[in-house]
Amino acid sequence: MGRAEESYRALAERHGWTAHPPQGVQPLTPLLAKGGTFDPAYSGTMPGEFEGRIGRLTYRGDEGSGTFRFNVVHTRVDEAQAVVPRLFCIRRGRWTDTVHYGMEIAHAELWTESEKLNERFKVESAPYQDPIWMRRLFSPVFIDWLAGAFPHDFSFELAYGDLVGSIEEDDPDERTLVGLCEATGYVASRIRKECLE
């Protein structure tokens with residue numbers, strides 16, 4: 001058993017997560033639309049105090065592009081559906097295959113004065129997203145948090161209320177998985193707060 005499996009199992013025992021057999025992936029966000037399987041897969045109350053599921057996503061790219069592995073946390077932010085249908089904050093340099101799977105809907109890239117944020121992430125939203133709301137969400141506090149967020153390879157995707165936080169590390173330790181949960185929970189709470197105001 002590798003370190004990642006041990007890390008998942010130890011956290012599951014500590015937090016009382018429910019273990020699931022390997023699970024196929026529903027195409028909820030661009031990353032999950034690539035297909036694959038969650039193995040290991042758990043659900044329950046995540047560090048950060050939100051309900052969700054966590055697992056290691058593995059999928060095979062087409063055209064000989066190899067096998068891709070991501071550690072993923074999925075939760076719901078129902079309040080976002082009417083306010084921000086799609087919002088993707090993807091780490092620059094994240095490597096996935098180039099095959100498209102039906103998420104090629106037009107997006108608008110967010111421009112920000114923060115060089116640190118622009119260097120680390122590509123931020124896209126649904127076209128015609130309210131720019132005032134986006135500026136409120138991407139406040140200086142949130143931008144500073146994103147620019148230095150742990151884990152260093154954290155990205156998130158929001159599509160119609162489904163929020164997915166992910167990291168690319170093949171063999172994460174417990175601290176990194178907790179960091180992934182807490183980062184996803186922080187993003188969920190930040191989006192929810194702005195949607196309710």
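Where in the protein is P151 placed? In this predicted model, P151 sits in the loop that runs between helix 4 and strand 9 (155-159), and the peptide bond that joins F150 to P151 is cis, with omega at about 0 degrees.

**Overall make-up**

- Of the 197 residues in the protein, 51% are buried.
- The accessible surface of the protein amounts to about 9,500 Å², and carbon and sulfur atoms account for 51% of that surface.
- When contacts between residues at least 6 apart in sequence are considered, 67% of them join residues that are at least 24 apart.

**Helix 1 against helix 5**

- Helix 1 (residues 3-15) and helix 5 (residues 174-196) have axes that come within 9 Å of each other and cross at roughly 60 degrees.
- Helix 1 and helix 5 are therefore oblique to each other, and the crossing in which helix 1 passes helix 5 is right-handed.
- On the side of helix 1 the contact is made by S7, Y8, A10, L11 and R14, while helix 5 contributes E174, L177 and V178.
- Sorted by class, the residues of this contact between helix 1 and helix 5 comprise five nonpolar, one polar and two charged.

**Helix 4 against helix 5**

- Helix 4 (residues 140-147) packs with helix 5 at an angle of about 165 degrees, and the two axes are 12 Å apart.
- Because angles over 145 degrees count as roughly antiparallel, helix 4 is described as roughly antiparallel to helix 5.
- The crossing in which helix 4 passes helix 5 is left-handed, and the residues in contact are V141, F142 and W145 from helix 4 together with A183, Y186, V187 and R190 from helix 5.
- The contact of helix 4 with helix 5 has six nonpolar residues and one charged residue, with no polar residues.

- R136 belongs to helix 3 and is partly exposed, with a relative accessible area of 36%.
- Although R136 and E194 are 58 residues apart in sequence, their C-alpha atoms are 7.4 Å apart in space.

- P40 is placed in strand 3, and the peptide bond leading from D39 to P40 is cis, with omega near 5 degrees.
- S43 also has its place in strand 3 (residues 37-46), where a relative accessible area of 21% makes S43 partly exposed.
- With residues up to four places away in sequence not counted, S43 touches W17, T18, H20, G52 and R53.
- The C-alpha atoms of S43 and A12 are 8.6 Å apart in space, whereas the two residues are 31 residues apart in sequence.
- E49 lies in the loop between strand 3 and strand 4 (50-60), and its phi is near 65 degrees, a positive value in a residue other than glycine.
- With a relative accessible area of 68%, E49 is exposed.

**Two further loop residues**

- Y128 is found in the loop between strand 8 (121-125) and helix 3 (131-137), and its phi, near 65 degrees, is a positive value in a residue other than glycine.
- Y128 counts as exposed, at 84% relative accessibility.
- G61 occupies the loop between strand 4 and strand 5 (67-76) and counts as buried, at 10% relative accessibility.
- G61 and K34 are 27 residues apart along the chain, and their C-alpha atoms are separated by 8.1 Å.

Note on methods
Residues are numbered from 1 along each chain as its sequence is written. This is a predicted model: local features need pLDDT of at least 70, side-chain atom pairs count only at pLDDT 80 or more; totals for chains, interfaces and linings use all residues. Side-chain values use heavy atoms; hydrogens and water are left out. Axes are lines fitted to C-alpha atoms, for helices over the stretch in contact, and angles run from 0 to 180 degrees between N-to-C directions. Helices (H or I, at least four residues) and strands (E, at least two) are DSSP runs, numbered from the N terminus. Angles under 35 degrees count as roughly parallel, over 145 as roughly antiparallel, 65 to 115 as roughly perpendicular and the rest as oblique. A crossing is left-handed if the near helix is turned anticlockwise from the far one by less than a right angle, and right-handed if clockwise. Contact means heavy atoms within 4.5 Å. Ala, Val, Leu, Ile, Met, Phe, Trp, Tyr, Cys and Pro count as nonpolar, Asp, Glu, Lys and Arg as charged, and the others, Gly among them, as polar. Buried means under 20% relative accessible area, exposed over 50%, partly exposed in between (1.4 Å probe, protein chains only). Accessible areas come from the Shrake-Rupley method with a 1.4 Å probe; for residues, only the protein chains shown count as cover.
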